[in-house]
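I opened a structure that is new to me and kept notes as I went. Here is what I looked up, entry by entry.

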Amino acid sequence: DFSLSKILRMEFMYSIGFRNCGVVGCLRKAFARLRAPSDLQKVDRVLRSLAEVWWRQHQRPCVPGMFAAELSADEAGPPPGAEVVGAELRRMLRGPGVLQQLLLS
């Protein structure tokens, strides 16, 4: 599925950047820059793209010192009651499809 609309949707999501975000943070960032579609099928497509981009951005190995604040936050773990973010969230999920389901819930 490499339609022009999917390519544009994915590039738009890449332009936002979701490093070290959790589920709620992702939704806030994405929908601060995008009006939510009224059609549920379109919402599903947007969230599928968001989940794929988030997953890919957390798949890349970190260059030492590049994301030092993110690494230290991930190593310490989230404080009680805080949103699980970044690498910690990725470790808890099987794949982008699971993240998409969380985004839809």
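**Entry 1: helix H6.** I start with a term: contact means heavy atoms within 4.5 Å. I also note that this is a predicted model. Which residues of helix H6 are buried? In H6, residues 96-104, I find Leu 99, Gln 100 and Leu 103. Seen down the axis of H6, these buried residues fall within an arc of 105 degrees, so they line one face of the helix. Next I looked for what covers them. The cover includes helix H2 (23-32), helix H3 (40-57) and helix H5 (86-92).

**Entry 2: Gln 100.** What does Gln 100 touch, not counting residues up to four places away in sequence? I list Asp 44, Leu 47, Arg 48 and Ala 51.

**Entry 3: helix H1.** I moved on to helix H1, residues 4-16. H1 has 13 residues. From its first C-alpha to its last, H1 reaches 19 Å, close to the 18 Å expected at 1.5 Å a residue. Its buried residues are Lys 6, Arg 9, Met 10, Met 13 and Ile 16. Seen down the axis of H1, they fall within an arc of 115 degrees, so they line one face of the helix. Then I checked the face turned away from the buried side. That face of H1 carries the exposed residues Leu 4, Leu 8, Glu 11 and Ser 15. H2 and H3 are among what covers the buried residues of H1. After H1 comes Gly 17, and its phi is positive, near 80 degrees.

**Entry 4: the core.** How many residues are in the largest nonpolar core? I note 20. Those with the most contacts inside this core are Met 13, Phe 18, Cys 26, Leu 50, Trp 54, Leu 99 and Leu 103. H1, H2, H3 and H6 are the elements that give two or more residues to it. The largest share, eight residues, comes from H3. Not counting residues up to four places away in sequence, Met 13 touches Phe 18, Leu 34, Val 46, Ser 49, Leu 50 and Val 53.

**Entry 5: aromatic rings.** I searched the whole structure for aromatic pairs and found one. The rings of Trp 54 and Trp 55 have their centres 6.2 Å apart and their planes at 45 degrees, so the pair is tilted. Are these two residues buried or exposed? Trp 54 counts as buried, at 0% relative accessibility. Trp 55 counts as buried too, at 9%.

**Entry 6: cysteines.** How many disulfides are there? My count comes to zero. A disulfide is a covalent bond between the sulfur atoms of two cysteines. The closest cysteine sulfur to that of Cys 21 is in Cys 26, 5.1 Å away, too far for a bond. Turning to Cys 26, I find that it is in no disulfide, and its nearest cysteine sulfur is that of Cys 21. Cys 21 counts as buried, at 9% relative accessibility. Cys 26 is buried with a relative accessible area of 1%.

Notes: Residues numbered from 1 in each chain as written. Predicted model: local features only at pLDDT ≥ 70, side-chain atom pairs only at ≥ 80, totals over all residues. Heavy atoms only, no water. Buried < 20%, exposed > 50% of the residue type's maximum accessible area, 1.4 Å probe, protein only. Helix = DSSP H or I, 4+ residues; strand = E, 2+ residues; numbered from the N terminus. Arc of directions from axis to C-beta. Phe/Tyr/Trp six-rings, centres within 6.5 Å; stacked < 30°, edge-to-face > 60°. Expected span 1.5 Å × (residues − 1). Core = buried A, V, L, I, M, F, W, Y, C linked by side-chain atoms within 4.5 Å. Disulfide = S-S within 2.5 Å.
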